[in-house]
Amino acid sequence: NHNTHFDAYDTHDLWHDRLSMVIDRSLVNRPVDEGIAYAYGGSWGLTWAEIYAEFMTQVAGKSDVDWTRVKEQPVYFKTKGFNNSADNIVAALWVNEIEKKYGFDAVWKLLTCGPVEPGHANFFKTLESITGVRKEDYNTKVWELVRNGAK
């Protein structure tokens, strides 16, 4: 982490580093990868709960957000001057939900659904196979996840 202190590390970045030791990055869905890193390690020196609070204030506090569109047309918010993708935060919500209901094997399946491609077909197909949520229902389900919070 380009730090002179041996015991100073960022758990968000540690996740990415360790993941690259076990799987080729070309197989990884980046928003899900980032979602895991946010959910388990926060980011930019902030906890997941702190980042989620900013996400709620800056993005999800607007009732007209279409989460399916956010997946295609990125929306960003700032914490400590750094940009954070709203889609990555939504991915963290999916990670938390999927792990709670189906275990980490199901999270791994979503993580390894392949790289981002236009339309996110692999992501939506894999999400549906795990949760039953179809692309057509994505926006509604994400709003439920957002209302349930950063658990």
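**Exercise 1. The largest pocket**

Find how much space lies in the largest pocket, and which residues lie nearest its centre.

*Solution.* 
Step 1. Take the volume. About 360 Å³ of space lies in the largest pocket of this predicted model. A pocket is an open set of points on a 1 Å grid over the protein atoms alone, where a 1.4 Å probe fits, with protein on both sides within 12 Å along at least five of seven lines. Its volume is the space filled by probe spheres set on the points, which are joined across faces, edges and corners.

Step 2. List the lining. There are 21 lining residues, each with an atom within 4 Å of a point. Arg30, Glu34, Tyr38, Ser85 and Asn88 lie nearest the centre.

Step 3. Assign elements. Two or more lining residues come from each of α1 (11–22), α2, α4 (67–72), β2 (82–85) and α5 (86–102). These are DSSP runs numbered from the N terminus: helices are H or I with at least four residues, strands E with at least two. Helix α2 gives the most, four residues.

Step 4. Sort by class. The lining has seven nonpolar, eight polar and six charged residues. Ala, Val, Leu, Ile, Met, Phe, Trp, Tyr, Cys and Pro count as nonpolar; Asp, Glu, Lys and Arg as charged; the others, Gly among them, as polar.

A note on the model. It is predicted, so local features need pLDDT of at least 70 and side-chain atom pairs count only at pLDDT 80 or more, while totals for chains, interfaces and linings use all residues. Residues are numbered from 1 along each chain as its sequence is written, and side-chain values use heavy atoms, with hydrogens and water left out.

**Exercise 2. Helix α2**

Work out how far α2 reaches, and which of its residues are buried.

*Solution.* 
Step 1. Check the span. Helix α2 covers residues 30–41, twelve in number. From first C-alpha to last it reaches 16 Å, close to the 16 Å expected at 1.5 Å a residue. The expected span is 1.5 Å times one less than the number of residues.

Step 2. Check burial. Buried means under 20% relative accessible area, exposed over 50%, partly exposed in between (1.4 Å probe, protein chains only). Ten of the twelve residues of α2 are buried, so the helix is largely enclosed by the rest of the structure. Among them are Pro31, Glu34, Ile36 and Tyr38.

Step 3. Find a partner. Asn88 is in helix α5. Asn88 is buried, at 11% relative accessible area. Beyond its neighbours within four places in sequence, Asn88 is in contact (heavy atoms within 4.5 Å) with Pro31, Glu34, Gly35 and Tyr38.

**Exercise 3. Trp44 and Lys80**

Decide whether Trp44 is buried, partly exposed or exposed, and name what it touches.

*Solution.* 

Step 1. Read its accessibility. Trp44 has a relative accessible area of 34%, so it is partly exposed.

Step 2. List its contacts. Not counting residues up to four places away in sequence, Trp44 touches Asp10, Tyr38, Thr79, Lys80, Phe82, Asn83 and Asn84. Trp44 and Gly81 are 37 residues apart in sequence, yet 9.4 Å apart in space, C-alpha to C-alpha.

Step 3. Turn to Lys80. Lys80 is in the loop between β1 (76–79) and β2. Lys80 is exposed, at 56%. Its phi is near 50 degrees, a positive value. Most residues other than glycine have a negative phi.
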